[in-house]
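Try each task yourself before you peek at the solution.

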Amino acid sequence: MLKQIIYSVALGTVALSSGAIATPVTNPAFTPMFSDVSNNTVKIAAYSIDTAALEQSIFNQINKYRISQGLPALTRNSAIDNQVKIHSQNMANGTVPFGHNGFSERLNATRISYRSAAENVAYNQGYSDPATIAVQGWLRSPGHLANIRGNYNLTGIGVAKNSQGAIYFTQMFIRS
């Protein structure tokens, strides 16, 4: 696999970055590869968020896309949700860097026997609909889109916000 970096810039006086990483895994010995997507826009003040509502929004949007492509809907799994929520919170509070550090450990901690697995992560700040921004970024990125369209049946979604207002998203996909 190739390391792929994609940049796009929009005009604005205040810059905002959002990023996303895709990592498909077909066996536990896989080493993650990274893909970053950056977008700049005007930053708005931080606001309180309902992380459960954002998680549900991502779940609904991803399944709506899969169904529109003739793919089966994913089933949300609480064990996966738990692991990706922890990862999003750890990224938000700086315990781990933005990315896939610990992916294999998260996957194994679900205790789900799997044939393949993948993970998308993103962060953004200052959007009125941060979940849609994350999903749109994933759909525009070939690596993330491959994960979304992949032969998976289970998913988990975790969202966390840091004290600066950045919102971190993690979605894991598993084929059990």
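## Exercise 1: How far can you trust it?

The protein chain has an average pLDDT of 80, and 73% of the residues score at least 70; pLDDT is the predictor's confidence in each residue, from 0 to 100. This is a predicted model, in which local features need pLDDT of at least 70, side-chain atom pairs count only at pLDDT 80 or more, and totals for chains, interfaces and linings use all residues. Residues are numbered from 1 along each chain as its sequence is written, and side-chain values use heavy atoms, leaving out hydrogens and water.

## Exercise 2: Two helices

**Task.** At what angle do H1 and H5 pack?

**Solution.** Step one: locate H1 (residues 51-68) and H5 (residues 142-149), both helices being DSSP runs (H or I, at least four residues) numbered from the N terminus. Step two: they pack at about 80 degrees, with axes 10 Å apart; axes are lines fitted to C-alpha atoms over the stretch in contact, and angles run from 0 to 180 degrees between N-to-C directions. Step three: H1 and H5 are therefore roughly perpendicular (65 to 115 degrees). Step four: Ile62, Tyr65 and Arg66 in H1 meet Leu145, Ile148 and Arg149 in H5, where contact means heavy atoms within 4.5 Å.

Terms used:
Angles under 35 degrees count as roughly parallel, over 145 as roughly antiparallel, 65 to 115 as roughly perpendicular and the rest as oblique.
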